[in-house]
Amino acid sequence: MQPENRILDTLRDSGSIYVSGEDLCKLAGVSRAAVWKRIEKLREEGYDIEALPHLGYRLAGIPDALIPGEIKWKLKTRYLGREIISYNKIDSTNTAAYELAEQGLAEGAVIFADEQTKGRGRHGRTWYSAPGCGIYMSCVLRPHMAPNEIPKITLIAAVAVVKSIREYTGLAAMIKWPNDILVNGRKVCGILTEMKAEQDRIDFIILGIGINVNSRSKDLPRAGSSLKEELGPSRRGEDISRVDLAKKILEAIEKYYNILKTRGSGSIIDEWKEFSAMLGSRVKIVLPNRTFEADAHNIDPDGALVVRLDSGMLEKVSSGDVVMMR
Ligand code: BTN
């Protein structure tokens, strides 16, 4: 472990008890000046560190910041999030992750940003990414899969996110095929899966996830909402921890990604169906060349939506926009 992490971890472990500067030097194996510099750096990152003469240092508050020291703390994954790069402000975490993956960034690395200036959604849309209130993250994955299997990655991400939101907030989050998470019918999360591929082989996938966590309505597009808004007035005073939710999501994605690679998509599809906001409903499918209405019937093992046309025929929809009819 690096000396700077050792200082933070020692302060965490000591809870409300002060740790002397001398003990921090010994534990981290660095000079008094180096300890002081690290404490200053931690304070800049938002850690509230109290210092008292003769007593030493005490951690009085931790920031809800999507930074490596917070995300990695007690993160229960083997490889996802073991390498984390965090930005205060960036154009898009998906764009950054794509460029870094082209330069060889390893499977499991995750890029976070507190704010995005050009957050991207599907079909060239904008993803509103105000500072300090959302989770904007992109995971680098390098599965041995054919390019046409990419919808399965969106599928596992949707299941991982919907379950994590449910467990962490108690909100009845639902999945709208292929990449939206809704609460009370309003969108709180979008998933943008992009890839670089050869003809028959994926080079890498960038799994981008945007969640409106503590965003207020003024920071959101008209049809969007946030977890905090959906908690309702009684719990709207509480901020939801972005760090804890992001950790839960990383743990869930790794779990479902492992299942997908070893056992295929079968059991994950079953969970997907359990949380589907759409199956059984009347939907409008908007494809580049045609728009039609049908009944959402099923999801197939590749992650495609199967709809029943009014003629009774089944049709598979692999991409496109789906509007739920009231
Ligand atoms: C959609 O709903 O159309 C997908 C939205 C995906 C937004 C996330 S935020 C993190 C990552 N970086 C981006 O620019 N987009 C994705």
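## A loop residue to start with

Histidine 54 lies in the loop between β1 (48-52) and β2 (56-61); strands are DSSP runs of E with at least two residues, helices are runs of H or I with at least four, and both are numbered from the N terminus. Histidine 54 is exposed, at 86% relative accessible area (exposed means over 50%, buried under 20% and partly exposed in between, using a 1.4 Å probe and protein chains only). Its phi is positive, about 75°, although histidine 54 is not a glycine.

A word on the model itself: it is predicted, so local features need pLDDT of at least 70 and side-chain atom pairs count only at pLDDT 80 or more, while totals for chains, interfaces and linings use all residues. Residues are numbered from 1 along each chain as its sequence is written, and side-chain values use heavy atoms, leaving out hydrogens and water.

## More backbone features

Most residues other than glycine have a negative phi, and most peptide bonds are trans. Histidine 123, in the loop between β4 (110-116) and β5, has a positive phi near 55°. A cis peptide bond, with omega about 0°, joins tryptophan 177 and proline 178. Proline 178 belongs to the loop between β6 (174-176) and β7 (180-183).

## Rings and a charge

There is one aromatic pair in the structure. The ring centres of tyrosine 98 and phenylalanine 204 are 4.9 Å apart and the planes stand at 75°, so this pair is edge-to-face (rings of Phe, Tyr and Trp, the last by its six-membered ring, pair if their centres lie within 6.5 Å; planes under 30 degrees apart are stacked, over 60 edge-to-face and the rest tilted). The pair links distant parts of the chain, 106 residues apart: tyrosine 98 is in helix α5 (residues 93-102) and phenylalanine 204 in strand β9 (residues 202-212). Tyrosine 98 is partly exposed at 24%, whereas phenylalanine 204 is buried at 1%.

Elsewhere, the charged end of arginine 12 sits over the ring of tryptophan 73, 4.2 Å from its centre (this requires NZ of Lys or CZ of Arg within 6 Å of the ring centre and within 35 degrees of the ring normal).

## The nonpolar cores

The largest nonpolar core has 69 residues, of which Phe112, Met137, Ile181, Ile209 and Leu227 touch the most other members. Such a core is a set of buried Ala, Val, Leu, Ile, Met, Phe, Trp, Tyr and Cys residues joined through side-chain atoms within 4.5 Å.

## How helices pack

Helix α2 (residues 21-28) and helix α3 (residues 32-44) pack at about 95° with their axes 9 Å apart (axes are lines fitted to C-alpha atoms, for helices over the stretch in contact, and angles run from 0 to 180 degrees between N-to-C directions). α2 and α3 are therefore roughly perpendicular; angles of 65 to 115 degrees count as such, under 35 as roughly parallel, over 145 as roughly antiparallel and the rest as oblique. Gly21, Glu22, Leu24 and Cys25 in α2 meet Arg32, Val35 and Ile39 in α3, where contact means heavy atoms within 4.5 Å.

For helix α8 (residues 242-263) and helix α9 (residues 266-274), the axes come within 8 Å and cross at roughly 135°. That makes α8 oblique to α9. Here Tyr256, Ile259 and Leu260 in α8 meet Ser267, Ile268 and Glu271 in α9.
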